[in-house]
Amino acid sequence: MTQATIFALSSGQPPAGVAVIRISGPATKAVMTEIVGSIPLPRQASLRTIRNRNGEMLDQGLVLYFEAPHSFTGEDCAELQVHGSRAVINAIAGTLKELGLRSAEAGEFARRAFEHGRIDLVEVEGLSDLVSAETEMQRKLALQTGMGTLSNQYVGWADRLTYARAMIEAELDFADEDDVPGSVANMIGVDLTALVAEMSVASVSAKSAEIIRNGFKVAIIGAPNAGKSSLLNAMAKREVAIVTDIAGTTRDVLTVELDMEGFLVRLYDTAGIREADDVVEREGIQRAISAARSADMILYLREAGSTADISYRDFGVPYLEVETKADLYTNGGVEAVRISSVTGEGLDEIHRAIVDMARDSWNAGLPASNERHREHIALASKFIENALDEPRLELKADALRAAGDELGRITGRVDVEDLLDVIFSKFCIGK
Ligand SMILES: Nc1nc2c(c(=O)[nH]1)N(C=O)[C@@H](CNc1ccc(C(=O)N[C@@H](CCC(=O)O)C(=O)O)cc1)CN2
């Protein structure tokens, strides 16, 4: 079956200065001949008139042609860079449909790139992250994943497993009586043990990368009226939360997302924790506690001069104690950071503390895998451990093959068909 030729608006929603319409598939050449008169020189921008099938002008734009396999998808591709109005885009899309092209599905260009071996599954995920990156750290992480750094790690691991297996196969094929039993096992054992250790480090990195992808979670907790919502508003620089003098104003957990020096920080404002009779307030307090327990950092707020309820210290979450309303009190010589959301005192210090903690939680030195990778890495290292424990060479080799297959599932070399729909559907149309 020949592949459909697909097209999509790859640039943002109209109206925009310029719109990029991408085309990929076997009919690309024929379509270009039809709508711009001839096939432009590969990889060179040419200014052309774009026409419908009756020869009427639809727009004038820059066109690019990429000949297979030297294109993003590995197929013949073209780009029409046209005036970015809805009407121009609709007119061109209409003509492309009349010529037998169909609209691309979400991620379909990337999928074709994967299917033609231009990029592996790890790089596909990196591209997906790159397109949705909002912070500087997300951009860096996505580039590392999307441009092969992480793939190289997995391929390197898989190569070591292949080498170990080859050693075993050789031993099985050429074993002679003079060989010392177990010598091959010893030779490969050292490297395989090292490999298991590297894998366990990589699994930790998946967790730390989550902080970049999903944000560093900071829960603001404390007694009612301690100034939690005022702090949230002051950090967000807008009135996100309702602030009143009435204790118990915040009932549910409120969130703001902040870009703090390139880190995505999710700040949670919570209901004040106290003994409460009101059902709604009690539920809010439960939510406050669970937000604090699942946070990456707790800001425990209390009004200057009041005593601390220190039960949150058992949550196992790093915390910072904050004395609020510092404008109303003189410093009683306590250790906590003193802030005033009214005067702004201490807010820089809070900012610093959060960014430092986020930076510490993220292990910058490690290539950042993700949760999907982590599951396969865990299985692979289990298989390697089995292989290490297994005295029979045939079974040792089998376990190593199974471990290699798990790594192959990460990069997409080994049966991943069922996964593809999930991964590619996360893309936007046109990617
Ligand atoms: N206009 C435009 N800009 C874009 C893209 C695009 O498709 N179109 N990209 C899409 O995401 C990204 C760039 N990625 C690309 C990756 C590979 C090839 C490509 O044609 N590769 C060929 C030729 C390489 C070469 O000549 O150096 C190849 O790998 O064989 C193009 C874009 C970001 N900017």
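Predicted model: local features only at pLDDT ≥ 70, side-chain atom pairs only at ≥ 80, totals over all residues.
## A residue to start with: Glu 261

Let's begin in the loop that runs between strand E8 (254–260) and strand E9 (263–269), which is where Glu 261 sits. The phi angle of Glu 261 is near 50°, a positive value in a residue that isn't glycine.

## How the chain is divided

The chain splits into domain 1 (6–119), domain 2 (123–211 + 370–411) and domain 3 (215–361). Notice that domain 2 is written as two stretches, 123–211 and 370–411. If you take the C-alpha centres of domain 1 and domain 3, they lie 51 Å apart.

## The largest nonpolar core

What does the largest nonpolar core look like? It has 34 residues, and the ones with the most contacts inside it are Leu 267, Leu 299, Ile 350 and Ile 354. Helix H10 (residues 347–361) gives the largest share of this core, with five residues. The core also draws on two domains, taking at least three residues from each of domain 2 (123–211 + 370–411) and domain 3 (215–361). As background, nonpolar side chains tend to be buried together in soluble globular proteins.

## Around the ligand

Which residues surround the ligand? They are Arg 22, Arg 43, Phe 66, Pro 69, His 70, Ser 71, Phe 72, Glu 79, Gln 81, Arg 118 and Lys 431. Sorted by type, this shell has five charged residues, three polar ones and three nonpolar ones.

Some of those side chains come with distances. For Glu 79, a polar side-chain atom lies 2.5 Å from a nitrogen atom of the ligand. With Lys 431, an N or O atom in the side chain is 2.6 Å from an oxygen atom of the ligand. Arg 43 also has a side-chain N or O atom 3.1 Å from a ligand oxygen atom. On its own the ligand exposes 680 Å², and the protein buries 48% of that.

## A closer look at Arg 43

You'll find Arg 43 in the loop between helix H1 (28–36) and strand E3 (46–51). Is Arg 43 buried or exposed? With a relative accessibility of 53%, Arg 43 is over the 50% cut-off, so it counts as exposed.

## Two cis peptide bonds

Pro 14 and Pro 15 are joined by a cis peptide bond, with omega at about 0°. Pro 15 belongs to the loop between strand E1 (6–9) and strand E2 (16–24).

A cis bond also joins Ala 68 and Pro 69, again with omega at about 0°. Pro 69 is in the loop between strand E4 (57–66) and strand E5 (77–84), and it's one of the residues that surround the ligand.

## Ile 89 in helix H2

Helix H2 (residues 86–98) contains Ile 89. Ile 89 counts as buried because its relative accessibility is 10%, and buried means under 20%. Between Ile 89 and Leu 62 there are 27 residues in sequence and 14 Å in space, going from C-alpha to C-alpha.

How values were computed. Residues numbered from 1 in each chain as written. Heavy atoms only, no water. Near = heavy atom within 4 Å. Polar contact = N/O pair within 3.5 Å; in protein donor to acceptor, adjacent residues only side chain to side chain. Areas by Shrake-Rupley, 256 points an atom, 1.4 Å probe, with all protein chains shown as cover. Nonpolar A, V, L, I, M, F, W, Y, C, P; charged D, E, K, R; others polar. Domains from an automatic or database assignment. Core = buried A, V, L, I, M, F, W, Y, C linked by side-chain atoms within 4.5 Å. Buried < 20%, exposed > 50% of the residue type's maximum accessible area, 1.4 Å probe, protein only. Helix = DSSP H or I, 4+ residues; strand = E, 2+ residues; numbered from the N terminus.
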